[in-house]
Structures are given as C-alpha cells and as structure tokens.
Amino acid sequence: MGLRKTPAVRGAAASAAAALAAVLAIAGCSSSSTTSNSGSTGSTGSGSAPASLTVWRMGPSTASQVTWMNGVVTQFHKDYPTYASTKVNVVYVPWTSRTTDWNGALTSGKNAPDITELGNTDTPTEATAGLLANISSNVTSWTSKSDVVTGMLANDTQSGTVYAVPWFGGVRGVWYRTNQFTAAGISSPPTTWAQLITDAQKVQAKFPGTYGIGAPSNDTNAFVSFIWGAGGQVATESNGQWTADLTTPADEAAIKFYVSLYRTYHLSPSKYVGQTELGASGATSGGANEDFGLGKLDIYIDGPWASSNFPANAVGKADWASFPIPSQNGPDPAPAYAGGSDLGVFATSKYKTAAWDLIQEMDSETNATSFANLQGFFPPFTSKLTGGTYSSSQLMSGFAKAASVTQISPLNAKNWPTADTGQYLIIPTMLKALDNGADFNSTVAKANTELENVLNNGTES
C-alpha cells in the first residue's frame with residue numbers, strides 16, 4: 001500500500017514490503033466463518049453455488065473487522081440467495097509473507113483463495129505474474145464503476161485488462177490550524193505554490209519560534225505530489241522500459257521549489273534534512289510530526305492517520321484542519337499518491353462468478369465506506385469523497401478532496417522499493433544533497449541516471 005516510510009510505525013511509506021506490513025497491520029478483518037486455510041470446495045459446475053469461498057485478507061484480524069465481515073457475509077447471503085448456503089472462509093495472511101503465499105498457491109494449486117486482498121502497489125506486478133483473473137467484463141457491468149476514482153482503477157488495469165478493484169485508500173494532504181491562519185490574516189487555504197509560501201511566511205511571522213512548513217528530505221511520498229503538481233512525472237514506462245524524468249523542466253521546478261522551503265525561505269528547519277516526517281530514519285519522534293503536534297510547526301504534510309502518532313500532549317486539536325497539497329499554479333490540487341488495498345479474483349478459482357459477487361458485496365459503496373472509516377482511510381468512490389460526512393468535517397474534508405485526485409506510478413513499479421526505501425534512497429539522497437548546497441544540475445542528473453537504472457535493472461549501474 002505504501003502510506004508511510006518508517007517501518008517501526010503503523011503507517012510507513014512507499015511500497016516496500018516492510019512498510020506495507022506496518023501500515024496495514026491495523027487493517028485485518030475476520031468473519032464468523034472458519035479460518036481454515038482451504039480453497040473452495042463443493043460442486044464443480046461453473047454455474048453452481050460453491051459450498052465455500054475463501055477470502056485472503058492481509059494482516060491480523062481485529063474485533064471491529066470481525067463484526068464488519070460478519071455483517072458483509074450475512075448481507076451476501078441475503079442479497080445473493082443462490083449462495084445462501086455458501087460458507088465464507090477468511091484466512092489472514094501476514095503482509096510480510098504475502099508474495100510467498102500467493103506464489104505457492106498459484107504454482108501448487110493447493111490452498112488457494114477465491115478472493116485476495118492486495119496492496120495496490122502489488123496489483124500490477126501480481127497481475128503480470130498471472131496471479132489474478134481477468135475481471136474486465138465484471139467491472140464494465142459493475143453499477144459502481146462510474147463512481148470509482150479514476151486513478152485508483154487505472155492502477156488495476158494493465159494493457160486494457162482489469163484485474164482488481166480498489167477497496168480503500170489513504171492520501172497525504174496538508175495539516176494546519178484554523179486559528180493560526182485566522183490570526184495571520186489568511187482567509188482560505190492556499191491553492192498554488194506561491195500562496196503556500198506566502199501563507200507559511202505569514203503564520204511563521206505571527207507565531208515567533210515556530211517554523212512555517214515542514215519539508216523533510218526523506219519524505220518521497222509527499223514530495224512526489226509537487227512533481228505531479230507541476231505537470232511532471234517521476235518516471236514513465238513504455239514497453240517494459242522505464243525513463244526517469246527528474247531532469248525535465250517540470251520536475252526541476254518541483255525540486256527547486258521543495259528545496260527552497262528550507263534553503264531560500266527558511267520555512268523548514270535544518271534538522272529535517274535527512275529526516276522522514278517522523279524524524280531520523282527508524283524513529284517515531286523528533287521530526288515534523290511531533291513538532292506539528294506540539295505547535296512548533298505550523299503546516300505539516302501527512303495523511304489523516306498522522307494523528308495517532310502525534311504526541312500524547314498534542315495541542316490545538318479543535319483547530320486542526322486540512323487542505324490538499326497545492327499544484328504549481330492552481331486552482332486544482334496536486335495529485336496525491338494513493339496508497340491502499342485492492343480486491344481481486346484469484347486466477348485458479350473455480351468459482352469466479354461467485355467470487356466477483358462477494359467482491360461486489362465487500363466493495364459496495366456502503367460497505368467499502370464503513371470499512372474505510374474503521375481505519376481512518378477513504379473509500380474509492382468519488383461521490384463519497386465529495387459529499388456527506390467527509391465534506392462537513394473540518395479535518396477530513398481537505399484529505400477527502402485530495403483523495404479524489406490521485407496518482408501512483410512509478411511508486412507501484414517492481415523496483416521502486418529498491419530505489420526509494422531500500423538499498424539506494426535515490427530521491428531522499430538527492431534532496432538532502434541539494435539542501436546541503438550541492439550543485440543542482442549534476443546532483444539531479446546523477447539521481448536521474450540512478451533512478452532509471454534501478455527501475456529497469458534493480459541496480460544503480
């Protein structure tokens with residue numbers, strides 16, 4: 001899923017498996033049905049109701065998710081009388097072993113699920129590997145299709161074929177305090193980079209001893225929104241080959257802007273150079289997250305899940321609010337990186353029709369919304385993000401608006417974890433060097449070459 005960077009915390013970053021495990025450990029669910037590790041059994045006719053369906057969920061179960069899944073299974077039996085006697089088995093697969101378990105089930109044909117949850121960074125790779133069934137015709141006739149966030153569904157589509165559907169997601173936005181903005185004479189959140197700088201300057205000046213905005217060098221998942229918000233791409237893929245785009249004019253504009261928050265405008269403190277949003281690598285305190293919670297940082301980029309990692313003595317909670325990361329010139333927000341989970345039909349399932357029907361129940365607009373709300377994430381439906389509960393929430397409305405405009409590539413590329421959070425830390429290293437005054441052109445060119453090599457070959461050379 002890739003929501004945060006620090007594996008030690010509940011929500012860490014790009015698409016590394018360890019980070020994925022940390023983020024979604026809270027997302028497990030259960031049902032009252034058994035949790036045996038067996039695949040579907042029963043009649044073999046494709047038109048017959050199976051005796052059982054097996055759902056693989058990633059992560060451990062929690063009490064709230066047991067209740068949720070029990071309700072879904074009951075509703076499934078009611079809405080699809082054909083499956084009234086079909087038993088739904090739920091198996092909990094650790095995120096750290098998911099790839100091994102998927103591959104074992106695919107190659108052996110034993111103990112395979114009918115439905116599997118996947119991190120959305122997993123879906124393109126696993127679809128290419130033959131793990132997932134083609135559900136294009138199902139999705140075409142799905143009544144909710146027109147409401148699904150376009151960027152989320154695009155991630156589940158390879159060469160025009162749909163292999164999964166988005167289930168829930170999380171995005172980054174910008175945290176701030178309404179009382180501080182009011183005191184600084186700011187009437188509405190910024191929608192351009194220039195306004196973001198001006199507003200951060202105003203708040204920092206109004207509240208001496210604070211910093212206007214945090215720009216940690218090791219927070220790629222936030223930084224990429226500035227590239228996308230300038231109309232650029234981190235890298236693009238064609239016919240299986242990646243081209244890094246860091247040296248394009250749009251990317252260079254975004255890099256210069258982000259670095260200027262520290263070097264030119266002095267809105268971000270020097271201690272964030274070399275830090276993630278949570279502090280030093282592997283830490284859970286001492287960084288921008290803690291500083292915002294304690295009122296030492298005025299504007300902070302992170303997801304709605306961040307509040308669970310704020311210090312216990314965080315201040316000004318009643319005034320917390322959010323807005324989407326601005327694009328370069330506005331008025332539309334910059335696309336946000338959408339981390340989350342998808343649901344797919346396993347390629348070897350004998351009961352693909354029944355599996356899809358259960359997915360429709362799990363991923364109905366009502367059920368997907370209630371599931372997302374249990375975890376502090378968002379459902380994948382535009383209508384739910386632009387109205388109702390989220391739009392009326394001072395804190396959540398900005399994040400919901402950000403969730404309606406998302407991108408993911410190349411953060412779902414096979415070698416992205418190696419490039420960003422694994423062996424090389426290419427973009428964080430580039431930003432850190434620039435923060436420390438390195439030559440812009442040579443530093444960016446070096447990072448661009450390294451990124452392209454890692455995306456294509458897994459190594460920098």
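**Cavity, pocket and packing**

Student: How many cavities of 30 Å³ or more are there?
Tutor: On a 1 Å grid over the protein atoms alone, a cavity is a set of points where a 1.4 Å probe fits but cannot get out, and a pocket is an open set with protein on both sides within 12 Å along at least five of seven lines; lining residues have an atom within 4 Å of a point. Grid points are joined across faces, edges and corners, and volume is the space filled by probe spheres set on them. By this rule the count of cavities of 30 Å³ or more is 1.

Student: Which pLDDT do local features need in this model?
Tutor: Residues are numbered from 1 along each chain as its sequence is written, and side-chain values use heavy atoms, leaving out hydrogens and water. The model is predicted: totals for chains, interfaces and linings use all residues, side-chain atom pairs count only at pLDDT 80 or more, and local features need pLDDT of at least 70.

Student: Which element gives the most to the lining of the largest cavity?
Tutor: The largest cavity holds about 90 Å³ and is lined by 15 residues, with N120, M152, P166, A338 and D342 nearest its centre. Two or more lining residues come from each of helix 6 (150-155), strand 6 (165-170), strand 14 (339-345) and strand 15 (406-407); helices (H or I, at least four residues) and strands (E, at least two) are DSSP runs, numbered from the N terminus. With 4 residues, the element that gives the most is strand 14.

Student: How many polar residues are in the lining of the largest pocket?
Tutor: The largest pocket has a volume of about 660 Å³, and Q158, E237, W242, S409 and N412 lie nearest its centre among 23 lining residues. Ala, Val, Leu, Ile, Met, Phe, Trp, Tyr, Cys and Pro count as nonpolar, Asp, Glu, Lys and Arg as charged, and the others, Gly among them, as polar. On that basis the lining has 7 nonpolar and 2 charged residues, and the polar ones number 14.

Student: Where is P410, which is joined to S409 by a cis peptide bond?
Tutor: The bond between S409 and P410 has an omega of about 5°. P410 lies in the loop between strand 15 and helix 17 (416-420).

Student: How are helix 2 and helix 13 oriented to each other, roughly parallel or roughly antiparallel?
Tutor: S64, Q65, W68, V72 and Q75 in helix 2 meet N367, S370, F371, L374 and Q375 in helix 13. By class, this contact has 4 nonpolar, 6 polar and no charged residues. The axes of helix 2 (residues 63-79) and helix 13 (residues 365-375) come within 11 Å and cross at roughly 175°. The two helices are therefore roughly antiparallel.

Student: How many of the 11 residues of helix 12 are buried?
Tutor: Buried means under 20% relative accessible area, exposed over 50%, partly exposed in between (1.4 Å probe, protein chains only). The buried residues of helix 12 are A354, A355, W356, D357, L358, I359, E361 and M362. Helix 12 (residues 352-362) is largely enclosed by the rest of the structure because the buried count is 8.

Student: What is the relative accessible area of N239?
Tutor: N239, in the loop between strand 9 and strand 10 (241-244), has a positive phi of about 55° although it is not a glycine. N239 is exposed, because its relative accessible area is 79%.

Terms used: Axes are lines fitted to C-alpha atoms, for helices over the stretch in contact, and angles run from 0 to 180 degrees between N-to-C directions. Angles under 35 degrees count as roughly parallel, over 145 as roughly antiparallel, 65 to 115 as roughly perpendicular and the rest as oblique. Contact means heavy atoms within 4.5 Å.
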